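Reader: I'd like to go through the labels on this one and hear what backs each of them up. Can you show me the model?

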Amino acid sequence: RCHPPRPLRRSEPSHVPHTPWAKRLACGSHAMAPTLTAVLQKKAVGKDGSGGYQKRYFCLCTSSIMYYERAPADGAFDHHPKGVFYLADCSVSATGALELAITAKDSGRSLNVKCDSPQQHAQWLAALQAASQMSAAAFQQLQADKQAAAQQAARDKEEIEKLRAELSSVKSVLSEHDTAAQARLEAEKAEIDKAEKVLQSMGM
């Protein structure tokens with residue numbers, strides 16, 4: 001049985017060690033180890049726009065950041081995260097000496113987090129910005145690859161249509177040739193039949 005590593009104090013987030021526990025952590029849509037974890041303070045926004053801070057367990061992965069109500073107690077997460085932000089479409093900024101904001105560019109949805117120290121703030125800000133930039137670059141490359149694939153598929157389809165047209169033309173020519181050849185055969189057979197009748201009429 002695998003046991004979780006020593007729980008992290010809020011003041012000492014660190015890179016997750018390469019342990020079976022870390023490798024089993026479900027991060028995003030794939031099972032992969034997070035690059036950074038810590039208990040941070042998440043701002044809770046009420047209906048009137050106000051709200052205080054709540055402690056949440058955050059996991060930063062290659063392309064997303066998610067948070068749980070608490071850290072895993074048995075070495076593996078058996079529940080879904082309370083929130084997920086995919087960093088390819090997010091901006092990351094420092095909103096204070098200890099505060100960070102992760103904002104989705106398309107929806108404007110924002111995740112406001114407060115760190116416990118300037119060192120933790122600097123560490124998470126740098127890691128989030130790097131992950132956001134890498135995710136955005138990977139997404140752009142994926143879109144470019146998809147566009148190139150679509151363009152190649154269109155060219156292939158056009159080439160196939162040309163080949164089909166050429167094949168249809170060849171079939172038409174062969175059909176016409178077969179029709180003409182069949183007509184010649186029928187004419188020659190008719191001539192032979194006529195000659196046989198003439199010979200028969202002459203008693204030969």
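Author: Let's start with Thr-37, which is found in strand S3 (residues 36–43); strands here are DSSP E runs of at least two residues, helices are H or I runs of at least four, and both are numbered from the N terminus. This is a predicted model, where local features need pLDDT of at least 70, side-chain atom pairs count only at pLDDT 80 or more, and totals for chains, interfaces and linings use all residues. Residues are numbered from 1 along each chain as its sequence is written, and side-chain values use heavy atoms, with hydrogens and water left out.

Reader: Why is Thr-37 called buried?

Author: Buried means under 20% relative accessible area, with exposed over 50% and partly exposed in between (1.4 Å probe, protein chains only). Thr-37 has 2% relative accessibility, so it counts as buried.

Reader: What makes the Thr-37 and Tyr-57 side chains a polar contact?

Author: The term asks for a pair of N or O atoms within 3.5 Å; within protein, one must be able to donate a hydrogen and the other to accept it, and residues adjacent in sequence count only if both atoms are side-chain atoms. The contact joining Thr-37 and Tyr-57 is 3.5 Å.

Reader: How about the cysteines: why are Cys-59 and Cys-115 called buried?

Author: Cys-59 has a relative accessible area of 1%, so it is buried. Cys-115 is also at 1%, so the label buried applies there. As for disulfides (cysteine sulfur atoms within 2.5 Å of each other), the structure holds zero.

Reader: What makes a set of residues a nonpolar core, and which members touch the most others in the largest one?

Author: The set must be buried Ala, Val, Leu, Ile, Met, Phe, Trp, Tyr and Cys residues joined through side-chain atoms within 4.5 Å. The largest has 21 residues, and Ile-65, Ile-102, Trp-124 and Leu-128 touch the most other members. Helix H2 (118–201) is among the elements that give two or more residues to this core, and H2 gives the most, with four.

Reader: What does Leu-128 touch?

Author: With contact meaning heavy atoms within 4.5 Å, Leu-128 touches Leu-60, Ile-65, Leu-87, Val-92, Leu-100 and Ile-102, leaving out residues up to four places away in sequence.
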